[in-house]
Amino acid sequence: YQQRSKTWNVFREFVGTTLFLFTNPLMAMDAVHECVPDPLHVALAFGASIALTCVCLDGVHLNPAVTLALVVGLRVSPWQAVLYVGAQLLGAITACGLLFGMAPVSAKDKLGINELASGVNLYQAFSVETAVTFQLVLCVLAVTHPKSPFFSLAPAALGLSVTLGHLIAIGFTGCGMNPARSFGPAVLTLNLENHWVFWAGPCAGAILAWLMYDLLLYPRWTGLSDWIIEFRQVFLTSPSKQPTNPQSNTEI
């Protein structure tokens, strides 16, 4: 039963990421086709999509950066996280593949790809991606905790967080905030220029959010040494000996 449950969770990551990304690039493609991007239009589309997906598929991550934060927070097994991220990336490719077949010829070379805006250097892009992912992951950790007063409103809060991130970052990088969201269009268009920014920035933001939440705002350990001890106890064992639900189950 536990094995079936783990397999089902991985499948839900694939379905959720496919659904989330399939409903978004359609909005972005219209903006590209008209050559007049509307940041509010795109931001609201992403925010509404993440909220609806979280309502339909409760407990999904949909974002490798979120999964990373839950791993370092000892909430998800590293072995399970590898499967989750793989499913997220496959879902992103699937969604963009479907959209690639539906897109007009003039939009196929873009397909919602994240790119640095003119005049934005790599350091600025990295900083922006780190900042917007930091606020998203911090929101995830805060509102999805079972004791949070906003637990029942988690999808709406996460939708607002994603919308805010896009309004801030879309003029700099197109707003990645989710490595899977950046990965799908990059693979389909074979455009990996500066692609590392859309992994490094969100991953850095996720780790900073974890440090802020679990070590400063609501300390679970007295220091990193205690975290290392618990990490060894929980995760540095064979997958078959790992607990099925280490620590709290804080997920989106």
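How many contacts beyond four places in sequence does the model have for residues 26-36, over which pLDDT stays under 50?

Analyst: Residues are numbered from 1 along each chain as its sequence is written, and side-chain values use heavy atoms, with hydrogens and water left out.

For residues 26-36 the model has 15 contacts beyond four places in sequence, and pLDDT stays under 50 there. A contact means heavy atoms within 4.5 Å, and pLDDT is the predictor's confidence in each residue, from 0 to 100. Residues 243-252 also have pLDDT under 50, with 30 contacts beyond four places in sequence. Where pLDDT is low, the predicted coordinates should not be read in detail. Over the protein, pLDDT averages 83, and 83% of the residues score at least 70.

Next comes the overall layout. The protein has 10 helices and 0 strands. Both kinds of element are DSSP runs numbered from the N terminus: helices are H or I runs of at least four residues, and strands are E runs of at least two. Of the 252 residues in the protein, 48% are buried; buried means under 20% relative accessible area, exposed means over 50%, and partly exposed lies in between, with a 1.4 Å probe and protein chains only. Taking the contacts between residues at least 6 apart in sequence, 77% join residues at least 24 apart.

Now the requested part. Beyond its neighbours within four places in sequence, asparagine 114 is in contact with Thr173, Gly174, Cys175, Gly176, Arg181, Ser182 and Phe198. Two of its polar pairings can be described in detail. A polar contact of 2.8 Å joins the side chains of asparagine 114 and serine 182. Such a contact is a pair of N or O atoms within 3.5 Å; within protein, one must be able to donate a hydrogen and the other to accept it, and residues adjacent in sequence count only if both atoms are side-chain atoms. A polar atom of the asparagine 114 side chain also lies 3.2 Å from the backbone oxygen of glycine 174.

Cysteine 175, one of the residues in contact with asparagine 114, belongs to the loop between H7 and helix H8 (179-188). At 0% relative accessibility, cysteine 175 is buried. Cysteine 175 has a positive phi of about 70°, although it is not a glycine. Methionine 177 lies in the loop between H7 and H8 too, and its phi is near 60°, again positive in a residue other than glycine. Most residues other than glycine have a negative phi. Methionine 177 is buried as well, because its relative accessible area is 3%.

With a relative accessible area of 38%, asparagine 121 is partly exposed. The side chain of asparagine 121 reaches the backbone nitrogen of tyrosine 123 at 3.1 Å. Asparagine 121 and phenylalanine 172 are 51 residues apart in sequence, and their C-alpha atoms are 9.3 Å apart in space.

Leucine 188 lies in helix H8 and, at 25% relative accessibility, counts as partly exposed. Leaving out residues up to four places away in sequence, leucine 188 touches Ile93, Cys96, Gly97, Phe100 and Leu111.

Terms used:
This is a predicted model: local features need pLDDT of at least 70, side-chain atom pairs count only at pLDDT 80 or more; totals for chains, interfaces and linings use all residues.
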